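Hi,

Here is the structure I said I would pass on. Have a look at it first, then read my notes below.

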Amino acid sequence: MFNCVLCDKVYVHKRDLNRHDKTHNGSVISCGICFKTFVQRNNLNIHVQKCHKIAKDTPEFHSAIRIGGAMGI
Ligand SMILES: [Zn+2]
Ligand SMILES: [Zn+2]
């Protein structure tokens, strides 16, 4: 299984992930609290939990996860 590093999508085939990746073209993942940017979504998850003491799956947590670019989240 291939995980998208920018969102929670999972693909069985690498080529499907590659195609999906293009939809994130130019996207940046960043912390909504301190605006630090990350390459991998997972690193941001850990950062928010450790540095800002925010528990996973809370509204605060979701608002701290910022994925810029075409997705507009
Ligand atoms: Zn994705
Ligand atoms: Zn932060």
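Let's begin with one residue: is Ile46 buried, partly exposed or exposed? Ile46 is partly exposed, because 13 other C-beta atoms lie within 10 Å. For the cut-offs, buried means 20 or more other C-beta atoms within 10 Å of the residue's own, exposed means 12 or fewer, and partly exposed is in between, with C-beta atoms placed from the backbone. Ile46 sits in helix H2 (residues 41-51), and its C-alpha atom is 9.1 Å from that of Lys56, 10 residues apart along the chain.

Before going on, some ground rules. This is a predicted model, where local features need pLDDT of at least 70, side-chain atom pairs count only at pLDDT 80 or more, and totals for chains, interfaces and linings use all residues. Residues are numbered from 1 along each chain as its sequence is written, while chains are lettered from A and ligands numbered from 1 in the order in which they are written.

How confident is the predictor? The chain averages a pLDDT (the predictor's confidence in each residue, from 0 to 100) of 87, and 92% of the residues score at least 70. Confidence is highest in strand S2 (residues 10-11), at 96, and lowest in strand S5 (residues 65-67), at a mean of 85.

Now the layout. The chain has three helices and five strands, in the order β-β-α-β-β-α-α-β from the N terminus. Both kinds of element are DSSP runs numbered from the N terminus: helices are H or I with at least four residues, strands are E with at least two.

Three of the strands form an open sheet with antiparallel pairing, in the order S4-S3-S5. Its edge strands are S4 (37-38) and S5, each pairing on one side only. Pairing requires that DSSP finds at least two bridges between two strands; S3 (residues 29-31) and S4 are joined by two. In that pair, Ser30 stands opposite Thr37. Helix H2 lies across S3, S4 and S5, at about 5 degrees to S3. That angle is between N-to-C directions, on a scale from 0 to 180 degrees, with axes fitted to C-alpha atoms, for helices over the stretch in contact.

Finally, the inside. Of the 73 residues, 8% count as buried.

Cheers

Technical notes:
Contact = placed C-beta atoms within 7 Å.
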